[in-house]
Amino acid sequence: MNTTPTFFLMFRRGIPLIGIALSLMVIWIYPASLGWALLAAVALAAEAVATFGTGGSYLVNRQTTIRWDGYWLQVLRPLFKSINLEDPWLRSFCAWNNRRVSSALSAKKAHKVILLLPHCIQLTKCKSHVVENLQSCFRCGKCVVENAATAALKYNWDVRISPRSRAAYAEARKSRPSLIIAIACPDRLVKGVTKLSEIPSYTIPLEMPHGMCVDTTFDFHRLSQAMITFAELRSTSKIQPLQINTGTWDI
Ligand code: SF4
């Protein structure tokens with residue numbers, strides 16, 4: 001599912017704009033309220049303006065912007081949860097984040113990119129130890145780990161598979177990457193983006209045909225496109241093709 005930022009933006013930008021219009025209307029109807037109504041209009045204008053920052057200006061103000069986007073996200077989340085729209089709300093936030101990160105990286109690609117993948121993309125019955133060593137994947141083609149393992153070897157991608165997203169983000173923070181590309185369920189993606197606001201994160205939500213955390217998958221083509229678009233090419237001269245695990249396993 002390729003969600004757009006429209007849903008999130010409708011509220012994030014729409015509410016302040018409506019608030020400004022209402023404040024000006026109040027001033028017009030009750031001139032005596034000029035002081036506080038003008039103050040409210042200015043504060044709301046600052047909120048609305050923050051949603052227009054793109055490119056370099058977004059990168060500079062990223063932490064503050066993400067903090068405020070996060071407030072809007074969390075304040076309205078219970079409302080959308082109550083009407084069964086929590087998932088589209090979170091996905092739309094991720095799409096909004098992606099749009100801004102894309103605009104910021106359009107001029108200069110990221111030097112150091114870390115890919116964070118969740119362990120649940122590995123087929124439940126698979127016996128390979130891909131968390132410890134991605135190249136232990138037997139490449140049976142039954143899950144998307146094969147694509148990740150092959151691309152990591154071929155293009156020297158820094159791919160990390162982790163059973164715990166919080167630990168994965170904490171580990172990634174230590175490496176000080178210039179971009180994180182994270183694949184996870186929308187809830188974990190939102191947490192990663194808002195809690196690790198000092199590092200730009202491009203997010204790809206998981207597809208969960210079997211429910212949460214079980215045999216999940218994602219659009220690998222989208223990940224490849226993101227790497228081509230945002231990441232500087234890495235040297236592949238030190239790659240050891242003999243690391244490929246050529247064993248097999250039966251389900
Ligand atoms: S061996 Fe097959 S099931 Fe196991 S991780 Fe690799 S591709 Fe997935």
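Me: What pattern does the protein follow, read along the sequence?
Reply: The pattern is α-α-α-α-α-α-β-α-β-α-β-α-β-α. The protein has 10 helices and 4 strands. Helices (H or I, at least four residues) and strands (E, at least two) are DSSP runs, numbered from the N terminus. This is a predicted model: local features need pLDDT of at least 70, side-chain atom pairs count only at pLDDT 80 or more, and totals for chains, interfaces and linings use all residues. Residues are numbered from 1 along each chain as its sequence is written.

Me: How is it divided into domains?
Reply: Domain 1 is 1-108 and domain 2 is 109-234. Those bounds come from an automatic or database domain assignment. The centres of the two domains, taken over C-alpha atoms, are 28 Å apart.

Me: How many residues of each domain are in contact with the other?
Reply: 17 residues of domain 1 are in contact with 16 residues of domain 2. Contact means that the C-beta atoms of two residues, placed from the backbone, lie within 7 Å.

Me: And which helices supply the side of domain 1 that touches domain 2?
Reply: H5 and H6 each supply at least two residues. The largest share, 10 residues, comes from H6.

Me: Switching topic. Which strand pairs with S1, and in what sense?
Reply: S1 (residues 113-118) pairs with S2 in the parallel sense, over 5 bridges. Strands count as paired if DSSP finds at least two bridges between them. Leu116 stands opposite Arg160 in S2.

Me: How does the chain get from S1 to S2?
Reply: The chain goes through helix H7 (residues 145-155), in a right-handed β-α-β crossover. Right-handed means that, with the strands pointing away from the viewer, the path from the first strand over the helix to the second runs clockwise.

Me: Which residues of helix H9 are buried?
Reply: In H9 (residues 186-195) they are Pro186, Arg188, Leu189, Val190, Gly192 and Val193. A residue is buried if 20 or more other C-beta atoms lie within 10 Å of its own, exposed if 12 or fewer, and partly exposed in between, with C-beta atoms placed from the backbone.

Me: What do those pack against?
Reply: Helices H5 (62-82), H6 (86-105) and H8 (165-175), and strands S3 (179-184) and S4 (201-205).

Me: Last one. What surrounds the ligand?
Reply: 13 residues do, and the closest are Cys126, Cys137, Cys140, Cys143 and Val145. A residue counts as near if its C-beta atom, placed from the backbone, lies within 6 Å.
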